[in-house]
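These are my notebook entries on one structure, written while I looked things up step by step.

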Amino acid sequence: MSSLQEQLQKLGFQQAEATPENVSDDTASPVDTSQVVRIQRQTKGRKGKGVTVLIDLPQQPKLLADYASQLRKTCGVGGAVKDGTIELQGDQREKAKLWLEQHGFKVKLAGG
């Protein structure tokens with residue numbers, strides 16, 4: 001039996017080569033972890049439901065989306081990126097603080 005690579009070549013598919021568009025370079029935009037990230041628990045305008053809001057993160061949309069995804073998985077909850085902040089459902093302050101500190105951020109628990 002021929003390999004999958006050979007079968008794809010017979011069908012006319014070409015192997016993708018690494019081009020500057022296909023390669024993501026994480027060193028292109030270093031993340032500023034020196035800024036203090038603030039974590040709040042908010043219930044205003046949410047019908048009493050609490051959310052954890054992470055404020056003062058680096059304002060890079062792709063990075064925020066990636067961090068939000070990782071935090072949602074770590075905390076096991078839903079969440080979203082809104083207006084340059086990350087919102088996690090429920091009171092996830094301690095888990096979020098631990099995750100951010102592991103990734104080199106300085107964290108303060110703000111508000112009640």
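**Notebook entries**

I started from the inside of the protein and looked up Leu100, which, leaving aside its neighbours within four places in sequence, is in contact with Val37, Ile39, Leu54, Leu57, Phe105 and Val107. I noted beside this that the model is a predicted one, and that every value I write down here is computed from it.

**Confidence**

I looked up the confidence next, and found that the mean pLDDT of the protein is 83, while 82% of its residues reach 70 or more. Over residues 24–28 the pLDDT stays under 50, and for this stretch the model has zero contacts beyond four places in sequence.

**The sheet**

I then followed the strands and wrote down that five of them form an open sheet in the order S3-S4-S2-S1-S5, with mixed pairing. The edge strands are S3 (79–82) and S5, each of which pairs on one side only. From one strand to the next, the twist averages 20°.

I took a closer look at one pair of strands, S3 and S4, which run antiparallel and are joined by four bridges. Within this part of the sheet I found Gly79 standing opposite Leu88 in S4.

**Helices on the sheet**

Which strands does H2 touch where it packs on the sheet? I found that H2 touches S2, S3 and S4, and that its direction makes about 20° with that of S4. I looked up H3 in the same way: H3 also packs on the sheet, where it touches S1, S2, S4 and S5, and its direction makes about 165° with that of S1.

**The largest nonpolar core**

Returning to the inside, I asked which residues of the largest nonpolar core touch the most other members. Of its 17 residues, these are Leu54, Leu57, Leu71, Ile86, Leu88, Leu100 and Phe105, so that Leu100, with which I began, is one of them. I noted that strand S1 (36–42), helix H2 (61–75), strand S4 (85–89) and helix H3 (93–102) each supply at least two residues of this core. The largest share, six residues, comes from H2.

**Salt bridges**

How many salt bridges does the model have by the rule I used? The count comes to three, and I went through them one by one.

In one of them Arg38 pairs with Asp56, and the closest N and O atoms are 3.8 Å apart. Because Arg38 lies in strand S1 and Asp56 in the loop between strand S2 (51–55) and H2, the pair ties together parts that are 18 residues apart in sequence. I counted Arg38 as partly exposed, because its relative accessibility of 33% falls between the cut-offs of 20% and 50%. Asp56 is partly exposed too, at 28% relative accessibility.

Another salt bridge brings together the side chains of Glu87 and Lys82, at 3.8 Å from N to O. Are these two residues buried or exposed, or in between? Glu87 counts as buried, because its relative accessibility is 13% and the cut-off for buried is under 20%. Lys82, however, is partly exposed, with a relative accessible area of 43%.

In the remaining salt bridge Arg93 is joined to Asp91, with 2.9 Å between the closest N and O atoms. Asp91 counts as partly exposed, at 42% relative accessibility.

**Residues in the loops**

I looked up the backbone angles of Asp56 again and found a positive phi of about 70°, although this residue is not a glycine. Asp83 likewise is not a glycine and has a positive phi, here of about 50°. I located Asp83 in the loop between S3 and S4, and I counted it as exposed, because its relative accessibility is 82% and the cut-off for exposed is over 50%.

Finally I turned to Gly104, whose place is in the loop between H3 and strand S5 (106–109). Gly104 is partly exposed, with a relative accessible area of 40%. How far apart are Gly104 and Asp32 in sequence and in space? I noted 72 residues in sequence and, from C-alpha to C-alpha, 9.4 Å in space.

Key: Residues are numbered from 1 along each chain as its sequence is written. This is a predicted model: local features need pLDDT of at least 70, side-chain atom pairs count only at pLDDT 80 or more; totals for chains, interfaces and linings use all residues. Side-chain values use heavy atoms; hydrogens and water are left out. A nonpolar core is a set of buried Ala, Val, Leu, Ile, Met, Phe, Trp, Tyr and Cys residues joined through side-chain atoms within 4.5 Å. Buried means under 20% relative accessible area, exposed over 50%, partly exposed in between (1.4 Å probe, protein chains only). Contact means heavy atoms within 4.5 Å. A salt bridge is a side-chain nitrogen of Lys or Arg within 4 Å of a carboxyl oxygen of Asp or Glu. Two strands pair if DSSP finds at least two bridges between them. Axes are lines fitted to C-alpha atoms, for helices over the stretch in contact, and angles run from 0 to 180 degrees between N-to-C directions. pLDDT is the predictor's confidence in each residue, from 0 to 100.
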